[in-house]
Amino acid sequence: MPRAVDLSQVTPGATPTDRKLNCRLAISCARKAGCMVFLLWEDIVEARAKMIMTVLAALMAEEIRRVRGSGSE
């Protein structure tokens, strides 16, 4: 699987605009990895734990599915 994160797009996060861009990039990367994403960038900026946990759980489930799928080939 190719990398989903283009590190050249990650900003320092020093300004609200940088934080917004980083959050939008994180959501984009999760989608690119094959996850269904139900949160907004604002949820990440505001550190809404339950929403962030759902994305992390989706990423973990996708990784487990990918690993199990590659073992059967």
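The structure is a predicted model, in which local features need pLDDT of at least 70 and side-chain atom pairs count only at pLDDT 80 or more, while totals for chains, interfaces and linings use all residues. Residues are numbered from 1 along each chain as its sequence is written, and side-chain values use heavy atoms, with hydrogens and water left out.

**Nonpolar core**
- The largest nonpolar core has six residues, namely Ile27, Ala30, Cys35, Val37, Leu39 and Val55; such a core is a set of buried Ala, Val, Leu, Ile, Met, Phe, Trp, Tyr and Cys residues joined through side-chain atoms within 4.5 Å.
- Leaving aside residues up to four places away in sequence, Val37 touches Ile27, Ala30, Arg31 and Val55, where contact means heavy atoms within 4.5 Å.

**Salt bridges**
- The structure holds four salt bridges, each defined as a side-chain nitrogen of Lys or Arg within 4 Å of a carboxyl oxygen of Asp or Glu.
- Arg48 and Asp43 pair through their side chains at 2.4 Å, N to O; Asp43 is buried at 6% relative accessible area, whereas Arg48 is partly exposed at 40% (buried means under 20%, exposed over 50%, partly exposed in between, with a 1.4 Å probe and protein chains only).
- Glu62 and Arg65 form a salt bridge at 2.3 Å, N to O, with Glu62 buried at 14% relative accessible area and Arg65 exposed at 52%.
- Arg66 forms a salt bridge with Glu63, their closest N and O atoms lying 2.8 Å apart; Arg66 is partly exposed at 29% relative accessibility, and Glu63 is partly exposed at 37%.
- Through salt bridges that share partners, Asp43, Glu46 and Arg48 are joined into one network.
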